[in-house]
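I set down what I looked up, in the order in which I looked.

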Amino acid sequence: MSVFTGIADQAKNTAPKKAGMDSVLFRKKLVEKLIAFFRIFLIIGLSFVILYPVLYMLSVSFRASADVLDPAVVWIPRTFTLENYKMAAWLLDYQKSLVTSLLMAVLCAVLQCFTCSVTGYGFARFNFKGRTALLLGALATLLVPIQTTMMPLYNSFVQFTHHTGIPTIDTPIPMAVSALFGVGLKAGLFIFIFFQFYKGMPMELEDAAYIDGCGPIKAYFRIMIPNAGAMFLVVFLLSLVWYWNDDYASVLYYPSNAPLSVGLSNMANKILASAKPDGTAYTQADTMAYLKTGALLCVAPILAVYAVLQRRFTKSVITSGIVG
Amino acid sequence: MAKRRLSYEKKKSAYGYIFISLWLIGFVALFLVPFINAIIYSFNELDIEPGQLHMTYVGWENYLRAFTQDADFLPVFTGTLTAAVVQTPVTVLFSLFVAILLNANFRGQGIARAIFFLPVVIMSGPVVAVMNYDVFFNTLVSGDRASAMLTITSTQDILQTLGVNPLIADYIVNITNQLFNLSWSSGIQILIFIAGLQGIPTTYYEVAQIEGATGWEIFWKVTLPSIGPMILVNVFYTLYDGLLTGGEMFGKISHHLGNLEFAYASALSLMCFIVWGLLIAIVYKIVSSWVSVK
């Protein structure tokens, strides 16, 4: 509002008196101010669209059952309650599934980071027979629907347990093994990101190391990894998020020890199929409130990580040039 | 001298293999072997007993089943394909637009970026399913003013009471509904575009300004050509995301796996792999001929 009145005042004072150059400058300034106003308007609007479901979940999670579907309650619940959190945590078996999720996601993200960076470096800096074909192979792993290889792989893990007695199902082992050997979730993408990144680094860095008597492996660990911190952060956070949210591979490998994502996607069925611990049935409002609270509980840990790393993450993405 | 150089080259190529060895083992043992297994499965009928598999060769039967017996297959398959193809340019344009908005200097830039990247963190997985469930749920309950902005009925009502032609109202409603999905599915793309925009040397803009180019001309002649590679990456990523992780076909294959129809599921996913791989390759070729890739 003040922008417009300001402009109007300015227009009254200056426009009639001075002609020529001044009016051109004035018009330019006006356009700039309008664009700035329009930009802020758009950004706030779109931010609202993005934040809306999260805020709404937050609002519903504190509502008593009577408030959930009450159109008169817009954002602030009439009666605050933590009942939804208690119930959602119980439905998700929160403590157990949180441990499962944390163990799986962190372990897999770390291993994936390491292998993809090493592989990306190998592709970027060394010339060997079949390099192009293998790099295309790495990208092709992205294009195969995950289900294609999932079943045979699952079978081999079951066979492995059958023959050796080492438990694999319901442990992080199957997913960690895939991550360690560079065929984890979206590993092709990460290999490609590292490949692009290392290709963009100046050769002189390693040449200097070689002259000083460093072998390629030592040079990689001592020179390249410290310089790739930003890239590691990006890949780590993205892998963490994708493993955390995965409910496809995990539902297969964790039939009875479900991580949070699987627990959440099963929650609606669980509610439909059973009654509350006190014997009463779930109402529609309960279902809605518990699901939303469950979703919040599921993303809370990852949101906390994002809140801590957010500033550095956005900066890393921007300065390191994620795609070369 | 020549001999020494050769040995140096050989040594370097050996190091190349060492660096990719972990991945190479995984690629062969955990990708190629199961992949070939899946190909074999798709030509057989599987009988699963605890601990072992019985296979009988049936030729192309599993593939034919998709076209002759499974009434779901073609609609789901083409639906996924068209959805991804239609969604890709919209998403890429939207994310470019948002990236340009966010790239300018303004107060609260950090907060705005944090908000726009938020979907990257909770984008995938069952959380979004719960959120979508909400949006539909609210429509059904209707009258919930908190969600009035995002529901189909209420926006339409507002527009119609304002006297807007129903056809145009429909179109606007479609866009506003899309806006929600768009802003939630273009986090990565925005990120990639911002990275690209930041990489353009400021000197280019200075030169253009000195030469008297308008903002419009600068966008077409400086900005757009400079982020060609990012457009390519984003087209690739959006298409990939729409086909493989977001598509209906994914659910269908999972459904058949859940029914223990491994052979049929393998046949389906192999067909998807071939068609989608081809599609992505073709689109990649076309787009890369438009944008200049250094």
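For the first entry I needed a reference length: the expected span of a helix is 1.5 Å times one less than its number of residues. The model I am reading is predicted.

**Entry 1: helix 11 of chain A.** I applied that reference to helix 11 of chain A, which covers residues 216-227, twelve residues in total. From its first C-alpha to its last, helix 11 reaches 15 Å, close to the 16 Å expected. I then asked which residues of helix 11 of chain A are buried. I found A:P216, A:A219, A:Y220 and A:M224. Viewed down the axis of helix 11 of chain A, these buried residues fall within an arc of 100 degrees, so they line one face of the helix. On the face of helix 11 turned away from the buried side I listed the exposed residues A:F221, A:R222 and A:P226.

**Entry 2: the contact between the chains.** I recorded 72 residues from chain A and 81 residues from chain B in the contact. Several helices of chain A each supply at least two residues to the side that touches chain B, among them helix 2 (21-61), helix 5 (94-125) and helix 12 (229-245). Which helix of chain A gives the most to that side? It is helix 15 of chain A, with 14 residues.

**Entry 3: chain B.** I noted 13 helices and two strands in chain B. Of its 294 residues, 35% count as buried. Among chain B contacts between residues at least 6 apart in sequence, 70% join residues at least 24 apart.

**Entry 4: a helix pair in chain B.** I looked up helix 3 (residues 73-103) and helix 11 (residues 228-245) of chain B, which pack at an angle of about 145 degrees with their axes 8 Å apart. The crossing is right-handed. Residues of helix 3 of chain B including B:T80, B:A84 and B:T91 meet residues of helix 11 of chain B including B:N234, B:T238 and B:L243. I classed this contact as seven nonpolar, eight polar and no charged residues.

**Entry 5: B:W276.** I placed B:W276 in helix 13 (residues 262-290) of chain B. Is B:W276 buried or exposed? B:W276 is buried, because 24 other C-beta atoms lie within 10 Å, and the cut-off for buried is 20 or more. Leaving aside neighbours within four places in sequence, I found B:W276 in contact with A:L143 and B:L243.

How values were computed: Residues numbered from 1 in each chain as written. Chains lettered and ligands numbered in written order. Predicted model: local features only at pLDDT ≥ 70, side-chain atom pairs only at ≥ 80, totals over all residues. Helix = DSSP H or I, 4+ residues; strand = E, 2+ residues; numbered from the N terminus. Buried ≥ 20, exposed ≤ 12 C-beta atoms within 10 Å, placed from the backbone. Arc of directions from axis to C-beta. Contact = placed C-beta atoms within 7 Å. Axes fitted to C-alpha atoms, helices over the stretch in contact; angles between N-to-C directions. Left-handed = near helix turned anticlockwise from the far one by under 90°. Nonpolar A, V, L, I, M, F, W, Y, C, P; charged D, E, K, R; others polar.
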